[in-house]
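Subject: The structure I promised you

Hi,

Here is the structure I said I would pass on. Have it open while you read, and click on the residues as they come up.

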Amino acid sequence: MRHLGYDIKIIRLLESMYRNTVSSVRVGSDGECLNWFETLVGVLQGCVLSPLLFNVMLEVVVALSLENKDIGATISGFLCSNLRFADDIALLSESVMGLQSQIDSLHEFCTRFGMKISTSKTEVQCCSRDPQTMKIEIDNTLLSQADQFTYLGGVITCDTSSESDIKRRIGLATGASASLNTVWASKDISQETKLRVYRTLVLSILLYNSETWTLKESDKSRLLVFEMSVFRRILGISRRDRWKNEDIRTILGISTNVVDEIQRRRLTYLGHVCRMKAERLPHISLFGRVHGSRPVGRPKKRWMDGIRSDCKELGLSTYQAVVSTYDRVQWRMMVNELPRRTVVSQWP
């Protein structure tokens, strides 16, 4: 904390709080305490300041380990060497040698500060058109290479597509919906209440991280199929009853679908990123450029391609949309007034 320039009074208060502290472990149903021992390493268990102090410590370790290292992913001249969220750290490099250098330096400073990197929880991944096998080691232990892994709740794959993440979200939402079968089947609960339960307990799981998805038509179809399956359970019908989707939505009083909701979240997130300061990493990633060329043939759909399509529905160019985002109230009104994709038929 002294290295980061914290006030000396705060540092002394924390030192006084940790000086001569003792701890014990309570076991058994009667809550018997074992022998007391002095706390010499780490933070105090149960202390509200412990997460903050740990994050401060980790910030110092990462900052020192990556200091004076020109390694990372370059976006419009900005070098991004790592992504951090508490103790979830992702090191970025454009070469195997650079990544190994980053890990060696981080391992060295972690050891110096009494910390240890878990090799069983650390993996490497190559995001490229031509993935290669990488041999990265920590203290002579070879790290496993993953084709995909979950970071902060989202699935990151080697081909950087959203398909795996969408499938995983549908699977999690299906499990949540199945656990509520007694609610869907209940005759004592109104349809309005069931829809509120669906939006709170199922839709929130399904659409987690959906702002960052790049949707293909097949992904949209999967999401719509899942949504209709839940609506049929709420109404107590099956596909064999051959009810039209539009009729089901009419009975439930629903005028939008899950794809509409994703579009609104995506545009809301666009406004949030555009209003960020220019030095923020999401802002740099959105408006910056990376070096290299795209392959021959039809290019893969990007997140900004979806934004351009959304802007057309708003009757705006991408530039006009970006300018409009700076007025938060106006932008939200424009997003909420998007045309509905769902065509509602009249129920006799």
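Start with R266, which is buried, with a relative accessible area of 8%. This is a predicted model, by the way, so treat everything below as computed from that prediction. Which side chain does R266 meet in a salt bridge? The partner is D310, and the N to O distance is 2.8 Å. D310 counts as buried too, because its relative accessibility is 2% and the cut-off for buried is under 20%. The two come from distant parts of the chain: R266 belongs to helix α9 (residues 258–274) and D310 to helix α11 (residues 303–314), 44 residues apart.

D305 pairs with R308, with their closest N and O atoms 3.0 Å apart.

Now go to helix α6 and look at E192 and R196. They form a salt bridge as well, and here the closest N and O atoms are 3.2 Å apart. Because they are 4 residues apart in helix α6, about one helical turn separates them. E192 counts as exposed, at 52% relative accessibility, and so does R196, at 54%.

How many salt bridges does a search of the whole structure find? The count is 13. Some residues are joined in a network of salt bridges, made up of E163, K167, K216, D219 and R222.

R169, in helix α4 (residues 163–178), is buried yet has no salt bridge. Setting aside residues up to four places away in sequence, R169 touches G153, I205, L206, Y208 and W213.

R129 is another arginine to click on. You will find R129 in the loop between β9 (123–124) and β10 (137–138), and at 58% relative accessibility it counts as exposed. Beyond its neighbours within four places in sequence, R129 is in contact with S293, R294 and P295.

Next, the rings. The structure holds 3 aromatic pairs. In one of them, F149 and Y151 have ring centres 6.4 Å apart and planes at 65°, so the pair is edge-to-face. F149 is partly exposed at 27%, while Y151 counts as buried at 16%. Another pair is Y198 with F231: the centres are 5.5 Å apart and the planes at 70°, so this pair is edge-to-face too. Y198 is in helix α6 (residues 191–206) and F231 in helix α7 (residues 217–235), so the pair ties together parts that are 33 residues apart in sequence. Y198 is buried at 3% and F231 is buried at 1%.

One arginine also goes with a ring: the charged end of R112 sits over the ring of F109, 4.5 Å from its centre.

Last, a word on confidence. The mean pLDDT of the protein is 87, and 95% of its residues reach 70 or more. Over residues 342–348, though, pLDDT stays under 50. Where pLDDT is low, the predicted coordinates should not be read in detail.

Cheers

Terms used:
Residues are numbered from 1 along each chain as its sequence is written. This is a predicted model: local features need pLDDT of at least 70, side-chain atom pairs count only at pLDDT 80 or more; totals for chains, interfaces and linings use all residues. Side-chain values use heavy atoms; hydrogens and water are left out. pLDDT is the predictor's confidence in each residue, from 0 to 100. Contact means heavy atoms within 4.5 Å. Rings of Phe, Tyr and Trp (its six-membered ring) pair if their centres lie within 6.5 Å; planes under 30 degrees apart count as stacked, over 60 as edge-to-face and the rest as tilted. Buried means under 20% relative accessible area, exposed over 50%, partly exposed in between (1.4 Å probe, protein chains only). A charge sits over a ring if NZ of Lys or CZ of Arg is within 6 Å of the ring centre and within 35 degrees of the ring normal. Lys and Arg count as positive and Asp and Glu as negative; His and the chain ends are not counted. A salt bridge is a side-chain nitrogen of Lys or Arg within 4 Å of a carboxyl oxygen of Asp or Glu.
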